[in-house]
Amino acid sequence: MAGAQPANSLVRIGFVPLGSPSNAFDQSLVEAFRQGLRETGLVENQHVVVDLVWVANEAGYAPAVSELVERGAKVLVAAGSSAATAAKRHTSTIPIVFVPSGNPIGIGLVDSLSHPGHNITGFSDVLADLSGKYVDLARDLGRSRERIDYVWYSGWPDGQHRLEATERAALSLGVKLRARSIGGNAEIDDVMVALKKAGAVTLVVQPSPFTYRHRVRLIESARAQSLGTIVAWPQAASDGALVAYGPAYPDMFRRAASYVARIIRGAKPADLPVQEPTTFELVVNMKSAKILGLTLPQALLNRADALIQ
């Protein structure tokens, strides 16, 4: 798609973003995608239109996808597993690029990472594979090296898979996992109070679309009980999480634009292998550690990519 295009030939990209339009970081992911489009030579309002529909809760994904298709989307960009699942259920013909998704094979998005098949491909966050890393961090940061606390959202189809992956990681490290599920936003405070009464000091928040969307609420509720949170989104350290480790999400969104460009130019999603993150970040919030009265291991501080003072 070189050179200018007449207005009536603009390719509409239907985009279901991750998070909220009022959150600066969530907006920055959309901008990272737009930057990626520019890097491929696709100019908005000259070659493409990026049509956004933000989603407020889990029930909103299917209507959002339907709305984008009705408005003429020729490619769908689904941010997160829930959006990707809704998109795949809605259409078997419109190309779909997901970014990011955990366990894309296990939840039925693709046939394999190397040959996705069908009309969908994208980027995996590999967070289930990092379960051992989160267990190790929790063990180093808690008072007990024999037990760690773990909070997960039970309404997400892949939640059980990630819980089991973490249980296996804990077992291999000789640590007992004490997991508590959350069924909805209204249960967050009660779960944090129960964790505090049970002697928790730090806790791992299982990454999922729900916990990402409500990450600030989870972090603040935990901190109200003097609990430190270990999360999978590096930017959440700025929201008050004690430790955040995970993929560099802006980089994945930027790279996703290259897949959209290749599809617009004729490539088939089935032939584009699912890609994984290439950059990871470890961010430690020293201010949260001070508020919680925690002394962090020097080895952890030495490994951190950034320290929030």
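This is a predicted model: local features need pLDDT of at least 70, side-chain atom pairs count only at pLDDT 80 or more; totals for chains, interfaces and linings use all residues.
## The second largest pocket

The second largest pocket has a volume of about 160 Å³.

## The largest pocket

Now for the largest pocket, which holds about 270 Å³ of space. Its lining is made of 14 residues, with Glu58, Ser82, Thr85, Arg89 and Pro157 lying nearest the centre. Two elements give two or more residues to this lining: helix H2 (61-70) and helix H3 (81-90).

Which element gives the most to the lining of the largest pocket? That is H3, with five residues. Taken together, the lining of the largest pocket divides into seven nonpolar, four polar and three charged residues.

## The largest cavity

The model has two cavities of 30 Å³ or more. The largest cavity has about 120 Å³ of volume, and 16 residues line it, with Leu18, Pro100, Asp125, Ser208 and Pro209 the closest to its centre.

Strand S4 (96-101) and helix H7 (209-213) each contribute at least two residues to the lining of the largest cavity. Nine residues of that lining are nonpolar, five are polar and two are charged.

## The second largest cavity

The second largest cavity contains about 60 Å³ of space. Around it you will find Leu127, Ser131, Tyr134, Tyr150, Arg162, Thr166, Val204, Gln206 and Pro207. Five of these lining residues are nonpolar, three are polar and one is charged.

Helix H4 (131-141) and helix H5 (159-172) each supply at least two residues of this lining, and these helices are also worth a look as a pair.

## Where H4 meets H5

How do H4 and H5 lie, and at what angle do their axes cross? The axes come within 8 Å and cross at roughly 55°. The two helices are therefore oblique to each other, and their crossing is right-handed.

On the H4 side, the contact involves Ser131, Gly132 and Val135, which meet Arg162, Ala165, Thr166, Ala169 and Ala170 in H5. The residues of this contact divide into four nonpolar, three polar and one charged.

Notes:
Residues are numbered from 1 along each chain as its sequence is written. Side-chain values use heavy atoms; hydrogens and water are left out. On a 1 Å grid over the protein atoms alone, a cavity is a set of points where a 1.4 Å probe fits but cannot get out, and a pocket is an open set with protein on both sides within 12 Å along at least five of seven lines; lining residues have an atom within 4 Å of a point. Grid points are joined across faces, edges and corners, and a volume is the space filled by probe spheres set on the points. Helices (H or I, at least four residues) and strands (E, at least two) are DSSP runs, numbered from the N terminus. Ala, Val, Leu, Ile, Met, Phe, Trp, Tyr, Cys and Pro count as nonpolar, Asp, Glu, Lys and Arg as charged, and the others, Gly among them, as polar. Axes are lines fitted to C-alpha atoms, for helices over the stretch in contact, and angles run from 0 to 180 degrees between N-to-C directions. Angles under 35 degrees count as roughly parallel, over 145 as roughly antiparallel, 65 to 115 as roughly perpendicular and the rest as oblique. A crossing is left-handed if the near helix is turned anticlockwise from the far one by less than a right angle, and right-handed if clockwise. Contact means heavy atoms within 4.5 Å.
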